Amino acid sequence: MNILGVSAFYHDSAACLLIDGEIVAAAEEERFTRKKHDSGFPRSAIRYCLSQANVRAEDLDLVVFYDKPLLKFERLVETYLASWPRGFRMFATGVPVWLRQKLHIARELDQGLDRAYRKRFVFLEHHESHAASAFFPSPFEEAAILTLDGVGEWATSSIGVGSRNQIKLLRELRFPHSLGLLYSAFTYFTGFKVNSGEYKLMGLAPYGEPIYADTILTKLMDLKQDGSFRLNMEYFAYCYRDVMTTRKMDALFGGPPRRPEAPITTREMDLAASIQSATEEIVLRLARHAQELTGQRRLTMAGGVALNCVANGRLRREGPFDEIWIQPAAGDAGGALGAAMFAWHQLLEKPRTCDGRDKQKGSLLGPEYSAEQVKQYLDSIGAVYEYYADETALAERIAALIASENVVGHCAGRMEFGPRALGCRSILGDPRSAKMQSVMNLKIKFRESFRPFAPAVLRERAHELFEMEPGQESPYMLLVAGIRKELRIDPAHEAGPGPRLSGVARVTQVRSTLPAITHLDYSARVQTVDEERYPRFHKILKAFERRTGCPAVINTSFNVRGEPIVNTPEDSYRCFMGTKMDALVIENFLLFHAQQPDRAGADRDGYLARFALD
Ligand SMILES: [Fe+2]
């Protein structure tokens, strides 16, 4: 039985194909169109999912859409009426696209499937899709479910419970009271781009002090013990304007929002720390309430806010649950996967078996390219490469390159589903190198210098470097853990004479024996790498460990600022040539920047200009 799940028309459009309940393919549309967070109809992602399994549109048994457009439109109209006459402009510009496209999803799907699909379309509620994406692929037979989101139809967060092949939603928070929109309001207010800069805000938080956290929790909202809250809408404009906050917010935090790309000041750092702390408080309260309501010892999560790995780390340490599993594609892309799984288990009542492992397959659900395809492409552009028939020898070579401070692009196997690169579309570097963080930020990714990098570490040794229990895993890079005390270095003690660094300049201070992946507060966003899910990446880490004694490398997504993560060999080569990356590995081919023909890199500026700064 072939079920296609689709999410589209909000952000991060995606498709997912389920065959007899097994996830066989899933991908975000942005990876194909090269337009970050592409919200258009996911025609390419659907085409990929079908071709991956040799399924034609007419072979599909069910097509499931991840939300209910009519209900969403109703929310839009009601919100408009409630804020009349202020929302007229936003309403008037929004309605045509609803009338033209968003209200006619069945027609769009029909066209997108070339009119070959003749059976019915099913529409789920946004939060059902998120909840399903959290619970059904999880390794747990029973668990509490927490979705933390911006907004779908009306619900913005929900608490539920899953047992075997059924889920039940028990409580919800409704628009405009939304944790996701609150966080996005601060993303906007600190001068970052809404729906994409949230990660930067989280990365900035350790530079500041949470001096406004109480103000946020008392003035901006009425927060209850159970984590539910009502926002004071005098501070927020998102119901009726295309900006997130009002003048009243400016007055509360000492001035207007930071302009994008303007210098980041202490105020932004303190605001980042404050909204992070307030978010953690709300998440902890919601989780405690979810535990009380359901009596469960395990938690599953999805929704955009579930990508806040700092809050997740705190929930892991201080929360009431023994185990947590988070959907790697926690944002709206994962809604496609959740919708398909909801149809299979909940609607068709197909059984769900649990063997202690999750069903996400390492989230390696995207396209892969054969050696033949890679060779053909590289030859067609006259690229200079070495071919390794033996993967072990190649892993040794990659490890040696990383250990001598080379930055290596690595594109191999199936592309990741979800916003984190997990070793298959990654840029790798040496975490022991003090200069690597700024080299990679400024010369490779062309992004803000304050942004931290994450480590990928052998699962069996993660607890030796990070404050984790032996065997504890974080395969999807969704948890932050502290670096172990014995590896920490206090920069105040180490600093010699001369001016003390402040603000983002502190990024250059060495804070541990793994400086490139240690954030200002000694935290790190850890990916544990196991042989079962990531055999090739595991091999590279093992080779690096043998050579250096260090079981971790820097793992950052293979892209430049504003660019979706690379998909094809061609995307990888172009990104490689557009940056100062030293070496590139595509499958078993190794390339060096310095050896490539000049013309390939000639249009570096043109390449970078293609991606709007995010
Ligand atoms: Fe969502």
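This is a predicted model: local features need pLDDT of at least 70, side-chain atom pairs count only at pLDDT 80 or more; totals for chains, interfaces and linings use all residues.
Student: What's the strand order in the open sheet of five strands?
Tutor: β3-β2-β1-β4-β5, with mixed pairing. Strands are DSSP runs of E, at least two residues, and helices are runs of H or I, at least four, numbered from the N terminus. Two strands pair if DSSP finds at least two bridges between them.
Student: Which are the edge strands?
Tutor: β3 (22–28) and β5 (121–123); each pairs on one side only.
Student: How many bridges join β4 to β5?
Tutor: Three, and the two strands run parallel. Phe65 has Phe123 of β5 as its bridge partner.
Student: New topic. Which strands does α2 touch?
Tutor: Helix α2 (residues 43–52) packs on the sheet against β1, β2 and β3. Contact means heavy atoms within 4.5 Å.
Student: And which of its residues are buried?
Tutor: Ala45, Ile46, Tyr48, Cys49 and Leu50. Buried means under 20% relative accessible area, exposed over 50%, partly exposed in between (1.4 Å probe, protein chains only). Their cover includes α1 (30–33).
Student: What follows α2?
Tutor: Asn54, with a positive phi near 55°.
Student: Last one. Where is Met1 placed?
Tutor: Met1 lies in the segment before β1 (2–7). Met1 is partly exposed, at 32% relative accessible area.

Conventions:
Residues are numbered from 1 along each chain as its sequence is written. Side-chain values use heavy atoms; hydrogens and water are left out. Axes are lines fitted to C-alpha atoms, for helices over the stretch in contact, and angles run from 0 to 180 degrees between N-to-C directions.
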